[in-house]
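User: I have a structure open and want to go through some local geometry. Can you take questions as they come?
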Amino acid sequence: MTVTPGAGPGAGIPGEGSVAVRLQLADGRIGRAAVATRRPRAVAALVGRTADEAVRLAPLLFSLCGTAQGLAVARACESALGIDAAAHEAARALLTDAEALDSHGWQAAVEWPARLGAPPRPAALRGLRPAVTAVAAALYPAGDGLRLGGGALRPDAAALRDALARLSGWLEAEIFAGPPPRDADGLAAWAARGGNDAARLAARLIEPDLAGWGACGVPLLGERSPDRFAAALAADASFAARPPHPALTGPLERQAGHPLVLSVTERFGDGLARLFAARLADLAELPRRMEAAAGALRPAAPAFRPAAPSGPGTGCGVAETARGRLAHWLRLDESGRLADARMVAPTDWNFAADGPLARGLAGAAVRDGADAVERARLLVAMLDPCVACGIEVHE
């Protein structure tokens, strides 16, 4: 039996949940892949709080994607209370995109080198983190962008342009070393130059023995409507722990139609190469998406509650993270406190018992236990859980 300890951004953080993978090998294949996710119960800490308290607390409860978590809870509370914060949506998109770029950057500097057997490069993040922080400061100078109803939105166009230019410059220097590849030929040429860890990992993942490995055949999640997530979470408290159908969310869902992803899919099919191409496409498109959101910015005051008491109500808020789509649903009682709070996170979909990881591993060819661990780690990295992941191999 081979056991690999937890890895990933959530490793070593108590109470944050975990993913456990058990692989049974038989006749040169993974005969069975059991994936079990222990979900963090942080969302339960929101119960009993006022809406304002819940929105302030949410970013502190989750060690990753705190901005997206806070905004999803804010949107859910605003829906329940009848608060119209639409004037802040462009700014909020910039906040979550900046956080997603930071998350992708962590993967590129720490997780991707690990998959190559190379040391991590946290120093590479020194040029990224200040630019990410500068985005929020350029939007909400009072630092109140995550409050209920939005803060005092006072966009500083020059500061925002500078922050976005620094983000684009970081991507060009640390990830692409030039223009991003646009198709499978460009990806192969970029990988062959081997200019950095990202290119070297691409070269590994487009090798014939790995490019199509981990194909899962799981449909993309696609669902974005808060009302649909609200109906599912309200009807079944165990929805997130046991999604009713397998689905994949994350970079591939967002970038399935990108020219690079389409070209790589045509050449290599489903599998590791396609997942990595989607992650590269997501990185390449983030600055463009942020520039578009910046163009839609207008100053806005905080949105407040309607004058008439709304009484008890329910609401659902959805936010996009680097790993995929996040949804929070909540119910307020007569006093305006949260009587119930539920969430479904990207890891709940991608690491479900019958989800993309489990289906991608089951039946996949391997040479031995060590090879199974290496390949499984690559697939885990491409799906990017928000918690630690441990793998057991039984031969």
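User: How many of the seven residues of β7 are buried?
Analyst: Six of them are buried, so β7 is largely enclosed by the rest of the structure. Buried means under 20% relative accessible area, exposed over 50%, and partly exposed in between (1.4 Å probe, protein chains only). Helices (H or I, at least four residues) and strands (E, at least two) are DSSP runs, numbered from the N terminus.

User: What should I know about the model and the numbering?
Analyst: This is a predicted model, where local features need pLDDT of at least 70, side-chain atom pairs count only at pLDDT 80 or more, and totals for chains, interfaces and linings use all residues. Residues are numbered from 1 along each chain as its sequence is written, and side-chain values use heavy atoms, with hydrogens and water left out.

User: Back to the strand. How many bridges join β2 to β7?
Analyst: Seven, and the two strands run parallel. β2 covers residues 18–26. Gln24 has His394 in β7 as its bridge partner. Two strands pair if DSSP finds at least two bridges between them.

User: What is the order of the open sheet of three strands?
Analyst: The order is β4-β5-β6, with antiparallel pairing. β4 (314–321) and β6 (338–344) are at the edges with a single partner strand each, so one side of each has no neighbour in the sheet. From one strand to the next the twist averages 15°. Axes are lines fitted to C-alpha atoms, for helices over the stretch in contact, and angles run from 0 to 180 degrees between N-to-C directions.

User: Over how many bridges do β4 and β5 pair?
Analyst: Eight, in the antiparallel sense, with β5 spanning residues 324–332. Thr314 stands opposite Arg331 in β5.

User: Switching to helices. At what angle do α6 and α10 pack?
Analyst: About 90°, with the axes 8 Å apart; α6 is residues 184–193 and α10 is residues 259–268. That makes α6 roughly perpendicular to α10. The classes are: under 35 degrees roughly parallel, over 145 roughly antiparallel, 65 to 115 roughly perpendicular, the rest oblique.

User: Which residues of α6 and α10 meet?
Analyst: Ala184, Asp185 and Leu187 in α6 meet Leu260, Ser263, Val264 and Arg267 in α10. The residues of this contact divide into four nonpolar, one polar and two charged. Here Ala, Val, Leu, Ile, Met, Phe, Trp, Tyr, Cys and Pro count as nonpolar, Asp, Glu, Lys and Arg as charged, and the others, Gly among them, as polar. Contact means heavy atoms within 4.5 Å.

User: Is Arg375 buried or exposed?
Analyst: Arg375 counts as buried, at 5% relative accessibility. Arg375 is found in helix α14 (residues 369–383).

User: What does Arg375 touch?
Analyst: Not counting residues up to four places away in sequence, Arg375 touches Asp209, Leu210, Trp213, Ala365, Val366 and Arg367. A polar atom of the Arg375 side chain lies 3.1 Å from the backbone oxygen of Asp209.

User: And the backbone at Cys65: what is phi there?
Analyst: Phi is positive, about 55°, although Cys65 is not a glycine. Most residues other than glycine have a negative phi. Cys65 lies in the loop between α1 and α2 (66–81) and is buried, with a relative accessible area of 13%.

User: What about phi of Asp384?
Analyst: Phi of Asp384 is near 60°, also a positive value in a residue other than glycine. Asp384 lies in the loop between α14 and β7 (388–394), and is buried at a relative accessible area of 2%.

Key. Polar contact = N/O pair within 3.5 Å; in protein donor to acceptor, adjacent residues only side chain to side chain.
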